[in-house]
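The sequence and the structure are shown first.

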Amino acid sequence: MLQAASSIRIYDVPDWADIAYQLGYSSQQHFISDFKRVLGKTPAQYKRELRDPASSIRDQV
């Protein structure tokens, strides 16, 4: 998941399927489920928070 998080930080518009494939997942959904289980948020939520850190505060309210 550290490699996934790194890839998400690098790309302006991450290709979720490509990231999943690079990490050895056979399905994008399985990657997203595992990412959420480990980090507590989906890859898209993680990326959104990188762009706008205040969004994580708004999501908690």
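The sections below describe the model from its overall make-up to individual contacts.

## Basis of the model

The structure is a predicted model, in which local features need pLDDT of at least 70 and side-chain atom pairs count only at pLDDT 80 or more, while totals for chains, interfaces and linings use all residues. Residues are numbered from 1 along each chain as its sequence is written, and side-chain values use heavy atoms, with hydrogens and water left out.

## Overall make-up

The chain contains five helices and zero strands, and its pattern along the sequence is α-α-α-α-α. Helices (H or I, at least four residues) and strands (E, at least two) are DSSP runs, numbered from the N terminus.

Of the 61 residues in the chain, 31% are buried. Buried means under 20% relative accessible area, exposed means over 50%, and partly exposed lies in between (1.4 Å probe, protein chains only). The accessible surface comes to about 4,300 Å², and carbon and sulfur atoms account for 52% of this surface; such areas come from the Shrake-Rupley method with a 1.4 Å probe, and for residues only the protein chains shown count as cover. Among contacts with a separation of 6 or more, 44% join residues 24 or more positions apart, a contact being heavy atoms within 4.5 Å.

## The nonpolar core

The largest nonpolar core has 11 residues: Ala 4, Ala 5, Ile 8, Trp 16, Ile 19, Ala 20, Tyr 25, Phe 31, Ile 32, Phe 35 and Tyr 46. Two or more residues of this core come from each of helix 1 (2-10), helix 2 (16-22) and helix 3 (28-39). A nonpolar core is a set of buried Ala, Val, Leu, Ile, Met, Phe, Trp, Tyr and Cys residues joined through side-chain atoms within 4.5 Å.

## Helix faces

In helix 1, the buried residues are Ala 4, Ala 5, Ser 7 and Ile 8. These residues fall within an arc of 160 degrees seen down the axis, so they line one face of helix 1; the arc is that of the directions from the helix axis to the C-beta atoms. The buried residues of helix 1 pack against helix 2, helix 3 and helix 4. On the face turned away from the buried side, helix 1 carries the exposed residues Leu 2, Gln 3 and Ile 10.

Helix 4 (residues 43-51) has Pro 43, Tyr 46, Lys 47 and Glu 49 as its buried residues. They cover an arc of only 160 degrees around the axis, which places them on the same side of helix 4.

## Salt bridges

Two salt bridges are found in the whole structure, each defined as a side-chain nitrogen of Lys or Arg within 4 Å of a carboxyl oxygen of Asp or Glu. In one, the side chains of Asp 34 and Arg 37 meet at 3.4 Å, N to O. These two residues are three residues apart in helix 3, and therefore separated by about one helical turn. Asp 34 is buried at 13% relative accessibility, whereas Arg 37 is exposed at 62%.

Glu 49 forms a salt bridge with Lys 41, with the closest N and O atoms 2.7 Å apart. Glu 49 is buried, with a relative accessible area of 18%, and Lys 41 is partly exposed at 21%.

Ala 44 lies in helix 4 and is partly exposed, with a relative accessible area of 35%. Ala 44 and Trp 16 are 28 residues apart in sequence and 8.8 Å apart in space, C-alpha to C-alpha.

Gln 22, in helix 2, is partly exposed at 47% relative accessible area. From C-alpha to C-alpha, Gln 22 and Ala 4 are 9.0 Å apart in space and 18 residues apart in sequence.
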